[in-house]
Amino acid sequence: MSLVSWQVMGEALEFGLPMQDIYSKRVLDPRYYTDTQVLEQERDCLFAKGWASVGLASTVKPGCARPTQLAGSPLLLTRTRDGSLHVFHNICAHRGAQLVPVPCENQRHLTCPYHAWSYSLSGELKGAPYLAGKKGSSIPQGEDKGFGLQPIRHAVWFDTIFVNLAENAPAFSEWIAPLDDQLNPFDSPRLHLISATDYTIKANWKLVCENFLDAYHVPFVHNQAGGPETAINFADLELSPDIFGFTLPQGDADKKKPEWLFRLPLPPELEHAQFFFYLFPNTLVAITGGWFQVISVQPTRVDQSDEVLGLYAMDNLSERNSEAAQEFSTIMNRINQQDVDILPSLQAGRRSPAAGKNALAPFWDKTIERFLSRLEKALLEFPGPSTADGNKSP
Ligand code: FES
Ligand SMILES: [Fe+2]
């Protein structure tokens, strides 16, 4: 199978568009959503190469160790008592056993379940019992450094932890700069976590991202979030090849604003605006003057994804009014659950022999097409899977 196979939609003629627009109406070969080999390639050429999100910094308290993963690689988030956040490969330096299988709190040391080597939360090897065949750890002082946990290049932005597994991506500050510029009027130090909710979705990770970029479904799947007349006023935003999305300049205008929700003082043109951004490969961000939301998506199988939804208020709502914070979280998670409920039907559809003949809707789907084009570019950089004769496919 060709790694990148676009379906040109001759049927799009019915939209009555100029030829170049018709030829832009492409969908991805449905096997991209069902083939486990594709997922393996995506792990290497998408998730490892760029800046991918792996969790929310404020869920990692001092003394806490949280296992997480990035497209199948076991990772570990820790925070030392002095408040520094660390990200490591979640494997022991001895024989590579997974070090921390479940989240734990109030830890001083992390002990491997296999031969009991222990590590500090900042990754130094602290003990290796009976290492030299006698009592004691026998690690010469100062020589333990090479045996510590392997750190991973990381950065925290709007409370989201990003990592670069391949260690050679451009500097994070450079990569995120276009979005920082766009969100300059919003004040990230004000963000307060209201809730972090884990979901498992029976759909390929790409469908989760495409759905987030799909303004068209909002009035139909989430009719509590506004009608079609609100949705049609969206505007596409392309900030960089890796960061794009859309805005609803009046998305908040017709919504009742609860008086308990603190809103940032914003210039009039941003007062009712909602912004939705995709950060290649796996981070989905929404922001308004009253709240911020981030979704970090992780493929677990070709037809299943995990995600964490972080919801933030612009002041400490949880302390000020815990009932309101709970209500706010329930409202926002209800919307997310509507997506979680609809996505398996898109995954099921990818098994149909007719799936390659789907069409993107010209008015609505430019951001989805942008996503598919970005994906295509990333996959073309990859040498491809080995064929039966051991050669790489083109
Ligand atoms: S694998 Fe961890 S102590 Fe041996
Ligand atoms: Fe949705």
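This is a predicted model: local features need pLDDT of at least 70, side-chain atom pairs count only at pLDDT 80 or more; totals for chains, interfaces and linings use all residues.
Visitor: In which sense do E5 and E6 pair, parallel or antiparallel, and over how many bridges?

Guide: They pair in the antiparallel sense over 5 bridges, and the bridge partner of Arg-79 is Leu-85 in E6.

Visitor: And which residue in the turn has a positive phi?

Guide: That is Gly-83, with a phi of about 100 degrees.

Visitor: Switching topic: what is the order of the open sheet of 3 strands?

Guide: The order is E3-E11-E10, with antiparallel pairing; the edge strands are E3 (52–56) and E10 (154–157), each of which pairs on one side only, and the twist averages 30 degrees from one strand to the next.

Visitor: How many bridges join E3 to E11?

Guide: There are 4 bridges joining E3 to strand E11, which spans residues 160–163 and runs antiparallel to E3, and Gly-55 stands opposite Ile-161 in E11.

Visitor: Zooming out, how many helices and strands does the chain have, and what share of its residues count as buried?

Guide: The chain has 9 helices and 18 strands, and 35% of its 394 residues count as buried.

Visitor: What about contacts between residues at least 6 apart in sequence?

Guide: Among those contacts, 61% join residues at least 24 apart.

How values were computed: Residues are numbered from 1 along each chain as its sequence is written. Chains are lettered from A and ligands numbered from 1 in the order in which they are written. Helices (H or I, at least four residues) and strands (E, at least two) are DSSP runs, numbered from the N terminus. A residue is buried if 20 or more other C-beta atoms lie within 10 Å of its own, exposed if 12 or fewer, and partly exposed in between; C-beta atoms are placed from the backbone. Two residues are in contact if their C-beta atoms, placed from the backbone, lie within 7 Å. Two strands pair if DSSP finds at least two bridges between them. Axes are lines fitted to C-alpha atoms, for helices over the stretch in contact, and angles run from 0 to 180 degrees between N-to-C directions.
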